[in-house]
Amino acid sequence: MSSFLELSQIAKAYGPAVIVEDFNLKVQRGEFISIIGHSGCGKSTVLSMIAGLSDVTHGGIILAGREVTAAGPDRGVVFQSPCLLPWLTARENVLLGCDQVYYSAPRRERREIAEYYLTLVGLGDAMDKRPGELSQGMRQRVGLARAFALAPKMLLLDEPFGMLDALTRAELQDVLLSIWQREKVTALIITHDVDEALFLSDRVVCMTDGPRATIGTIMPVPFERPRSRAELLESPEYYRHREQLITFLEERSHERPADLRPYVPAETPENALQRFLRNPRNLATV
Ligand SMILES: Nc1ncnc2c1ncn2[C@@H]1O[C@H](COP(=O)(O)OP(=O)(O)O)[C@@H](O)[C@H]1O
Ligand SMILES: [Mg+2]
């Protein structure tokens, strides 16, 4: 079976600075993938290339059989902060996208779609509120409703809950999972929270540190769905996976995968002697 999203030999460079290199990933339809890695390694760079917000320097991205060349409403993007228009209500903010995507549908239907998703994210009673009257968590719920309402082929989330407190974060993870399960949309989330990655996804993609960041390892997440946070926290297997991810981040993220290690010339007697002589402390003892 061919994959739904395929990144082939993706690289991104800004001038001479190579941020991401040799990035290869195949995602199946309906899969939930997370990407973890240290801050600054290039996670957002990868996501914005899939979103079509940033060009690839090398390689190609195929989504649902088509090459990604520009941004489009077939990819719902959710950032850390939802960028809502402050003078519009929650409903109007979601409708803005619906009006573009379902432009041939009657206005009443577009409104129903917006209201349906706002209800799913738990904002059934707050549709007429403006962003200023909503908490940060509620604003991010509007962001999720807006993304899902476009019926995207793919949902791309860049640390969407990064600014929320732990309780709100857990609530929104539940909201995200329940709608994802209902809609069967293919999803990719960036996070630096290993618990979030394990709770949400089918596979965790671990990125190596930049520059020239790439995939260090991919961990399949075996827990059955629907998942319960309480049950996971009681499973020894959960802690084993958690430990492996933390070990990767702490110890292995700076290792290059075998085929990507830069060429280092073997030590010869000549350059060992050169190195010895270049060190002034050694000269003093000769
Ligand atoms: N427009 C740009 N020009 C030059 N360097 C950039 C640009 N955007 C991002 N970078 C660099 O790319 C690297 C990866 O950034 P980013 O993808 O945002 O990391 P992450 O999301 O993993 O924290 C960083 O070192 C950053 O400074
Ligand atoms: Mg980022």
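Author: Helices (H or I, at least four residues) and strands (E, at least two) are DSSP runs, numbered from the N terminus. On that basis, the secondary structure of the chain comes to ten helices and ten strands. This is a predicted model, in which local features need pLDDT of at least 70 and side-chain atom pairs count only at pLDDT 80 or more, while totals for chains, interfaces and linings use all residues. Residues are numbered from 1 along each chain as its sequence is written, and chains are lettered from A and ligands numbered from 1 in the order in which they are written.

Burial is judged by counting neighbours: a residue is buried if 20 or more other C-beta atoms lie within 10 Å of its own, exposed if 12 or fewer, and partly exposed in between, with C-beta atoms placed from the backbone. Leu172, Gln173, Leu176 and Trp180 of helix 5 are buried. They cover an arc of only 110° around the axis, which puts them on the same side of helix 5; the arc is that of the directions from the helix axis to the C-beta atoms. An α-helix has 3.6 residues a turn, so residues three or four places apart point the same way. On the other side of helix 5, Leu167 and Arg182 are exposed.

The cover over the buried residues of helix 5 includes strand 3 (32-36), helix 4 (136-149), strand 8 (186-190) and helix 6 (194-200). Contact here requires that the C-beta atoms of two residues, placed from the backbone, lie within 7 Å.

Isoleucine 179 also belongs to helix 5. This residue counts as partly exposed because it has 19 C-beta neighbours inside 10 Å. Leaving aside neighbours within four places in sequence, isoleucine 179 is in contact with Leu120 and Phe148. Its C-alpha atom is separated by 9.0 Å from that of tyrosine 117, 62 residues away along the chain. Just after helix 5, lysine 184 takes a positive phi of about 55°.

The setting in the chain may now be described. The domain assignment gives domain 1 (5-74 + 152-285) and domain 2 (86-145); such bounds come from an automatic or database domain assignment. The centres of the two domains, taken over C-alpha atoms, are 31 Å apart. Ten residues of domain 1 are in contact with eleven residues of domain 2. The side of domain 1 that touches domain 2 has nine nonpolar, one polar and no charged residues. In this classification Ala, Val, Leu, Ile, Met, Phe, Trp, Tyr, Cys and Pro count as nonpolar, Asp, Glu, Lys and Arg as charged, and the others, Gly among them, as polar.

For the chain as a whole, buried residues make up 36% of the 286 residues. Of the contacts with a separation of 6 or more, 70% join residues 24 or more positions apart. The C-alpha trace spans about 90 × 45 × 45 Å along its principal axes.
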